[in-house]
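Subject: Structure handover

Hello,

Here is the structure I promised you. Please open it alongside this note, and then read on for what turned up.

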Amino acid sequence: MKFKTLLITLLILMIVLPLNIFATTASSDVIYDGIDVSDWQGYINYSAVKASGIDVVYIKASQGDNIVDSYFKINYNNAKENGLKVGFYHYLTARTQSEAIRQAEFFSSVISNTSPDCKLAMDFESFGNLNIYEINDISRAFLERVREITGREVIIYSDAYNARSVFSEELANEYPLWIAEYGVEVPSRTNWEYWEGFQYTSTGNVPGIRGNVDRDKFTEDIFLNDDTHITPSGNSENYNHDLEYIVQRGNTLSGIARKYGTTVNELVILNSQIRNPNLIFPGERIRVPINGNKNKEDRFITNHIIYTVRRGDTLSELALRYGTTVQSIANLNNIKNVNLIYIGERLQIEN
């Protein structure tokens, strides 16, 4: 009898109480369609993305304390040129508060001289052996330092479980939430009452992007009040940025080293997976040290795209499309026969 009475009481409460007490709801009624991207998407046609109705794009800028996403600058420039609202996120790997501060300084240096439209995001999702208290202390150290350096508001990206069970109510009271939860119309209840970003699938399809992409909804609260340039911090030039280079057909370590002003030995030390310096494979990702050479970094990121050859493509058509020459594409990709390219082949093209 007691159980039956309790069950009836619960049913009555579910009917009487508003449904949103069991959910994290949007912070406003104004919703914008968005995506978040990294180098995994490769080259993106932002004109087609914009035409499809996407309003906001969050771009991966950096990871750890020395990796710049290889498509960061070209994603930023092309998204801005096509009128999308832009945000940046950093993939945090810190295991101490001091590491978190250093990564905050690195992230801030990477996005200096840009004009983001959206709050700066912390993506902290791989915790290793950290306990909850350490996770929250590291998060706070990172968020506070980014906010201090950039003068911009920050936001926490988290899946629903961590937003409910790991990140504290204190953090929830101070920083807004960009929540990830798939297969639901409304995110489940967390330590946050409201969300400003909601990543609802990782298998979205958007014109202008090859393959899957994360799809998001954002409220109007995601936008910054200050859209001026982020000025470089005093120590922004002290960081040696690494880039991830995708090995192309015909590449050699010595050729890559020569191109980016480093040495084969540096590449081998930086990439522990390389056992034989004479053996690298197309599609392999190699970290390349930039050694603080800003011009070299910018030239690599902004002036090259990775194009996947489709049926019917020719080098002459690609050269015309991207405003370059057949010989330039051939030289860049070590192509011996300019009349012979293969479907699925990935080509670097100056853009």
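Two residues are in contact here when they have heavy atoms within 4.5 Å. Please keep that in mind for the contact lists below. One caution: this is a predicted model.

**Overall**

The protein chain has twelve helices and 15 strands. It counts 351 residues, and buried residues make up 50% of them. I also looked at contacts between residues at least 6 apart in sequence. Of these, 68% join residues at least 24 apart.

**Glu196**

Glu196 sits in the loop between strand 9 (194–195) and strand 10. Is Glu196 buried or exposed? Its relative accessibility is 11%, so Glu196 counts as buried. The cut-off for buried is under 20%. The side chain of Glu196 makes a polar contact with the side chain of Lys119, at 2.8 Å. Set aside the neighbours within four places in sequence, and Glu196 touches Ser27, Lys119, Ile155, Pro176, Leu177, Lys217, Phe218, Thr219, Asp221 and Ile222.

**Gly34**

Gly34 is part of strand 2. Gly34 is buried, because its relative accessible area is 0%. Beyond neighbours within four places in sequence, Gly34 is in contact with Ile54, Val56, Asp214, Arg215, Asp216 and Phe218. Phe218 is also among the contacts of Glu196. Val86 is 52 residues from Gly34 in sequence, and their C-alpha atoms are 9.7 Å apart.

**The second largest pocket**

This pocket holds about 360 Å³ of space. Its lining has 20 residues. Which of them lie nearest its centre? They are Asp36, Ser38, Tyr89, Asp123 and Asp214. Asp214 is also one of the contacts of Gly34. By class, the lining of the second largest pocket has eight nonpolar, five polar and seven charged residues. Strand 2 (31–37), strand 5, strand 10 (197–204) and strand 11 (213–219) each supply at least two lining residues.

Helix 4 has 14 residues. From first C-alpha to last, helix 4 reaches 20 Å, close to the 20 Å expected at 1.5 Å a residue. Its buried residues are Ala100, Gln103, Ala104, Glu105, Phe106, Phe107, Ser108, Ser109 and Val110. What covers them includes strand 3 (56–63), strand 4 (67–68), helix 3 (72–81), strand 5, strand 6 and helix 5.

Ser112 lies in the loop between helix 4 and strand 6. Ser112 is buried, because its relative accessible area is 11%. The side chain of Ser112 reaches back to the backbone oxygen of Ser109, at 2.8 Å. Ser109 is itself one of the buried residues of helix 4.

Asn113 is in the loop between helix 4 and strand 6 too. Its relative accessible area is 40%, so Asn113 is partly exposed. Phi of Asn113 is positive, near 65°. Most residues other than glycine have a negative phi.

**Glu125**

Glu125 lies in the loop between strand 6 and helix 5. At 40% relative accessibility, Glu125 counts as partly exposed. Which residues does Glu125 contact, leaving aside its neighbours within four places in sequence? They are Tyr91 and Tyr157. Tyr91 is 34 residues from Glu125 along the chain, and 8.3 Å separates their C-alpha atoms.

**Helix 5**

Helix 5 runs over residues 132–150 and has 19 residues. From first C-alpha to last, helix 5 reaches 27 Å, close to the 27 Å expected at 1.5 Å a residue. At its start, a side-chain oxygen of Asn131 comes to within 3.0 Å of the backbone nitrogen of Tyr133. Gly151 follows helix 5, and its phi is positive, near 70°.

The buried residues of helix 5 are Ile135, Asn136, Ile138, Ser139, Ala141, Phe142, Leu143, Val146, Ile149 and Thr150. What covers them includes strand 5 (85–91), helix 4 (97–110), strand 6 (120–123), strand 7 (154–159) and helix 7 (169–174).

Best wishes

Technical notes:
Residues are numbered from 1 along each chain as its sequence is written. This is a predicted model: local features need pLDDT of at least 70, side-chain atom pairs count only at pLDDT 80 or more; totals for chains, interfaces and linings use all residues. Side-chain values use heavy atoms; hydrogens and water are left out. Helices (H or I, at least four residues) and strands (E, at least two) are DSSP runs, numbered from the N terminus. The expected span of a helix is 1.5 Å times one less than its number of residues. Buried means under 20% relative accessible area, exposed over 50%, partly exposed in between (1.4 Å probe, protein chains only). A polar contact is a pair of N or O atoms within 3.5 Å; within protein, one must be able to donate a hydrogen and the other to accept it, and residues adjacent in sequence count only if both atoms are side-chain atoms. On a 1 Å grid over the protein atoms alone, a cavity is a set of points where a 1.4 Å probe fits but cannot get out, and a pocket is an open set with protein on both sides within 12 Å along at least five of seven lines; lining residues have an atom within 4 Å of a point. Grid points are joined across faces, edges and corners, and a volume is the space filled by probe spheres set on the points. Ala, Val, Leu, Ile, Met, Phe, Trp, Tyr, Cys and Pro count as nonpolar, Asp, Glu, Lys and Arg as charged, and the others, Gly among them, as polar.
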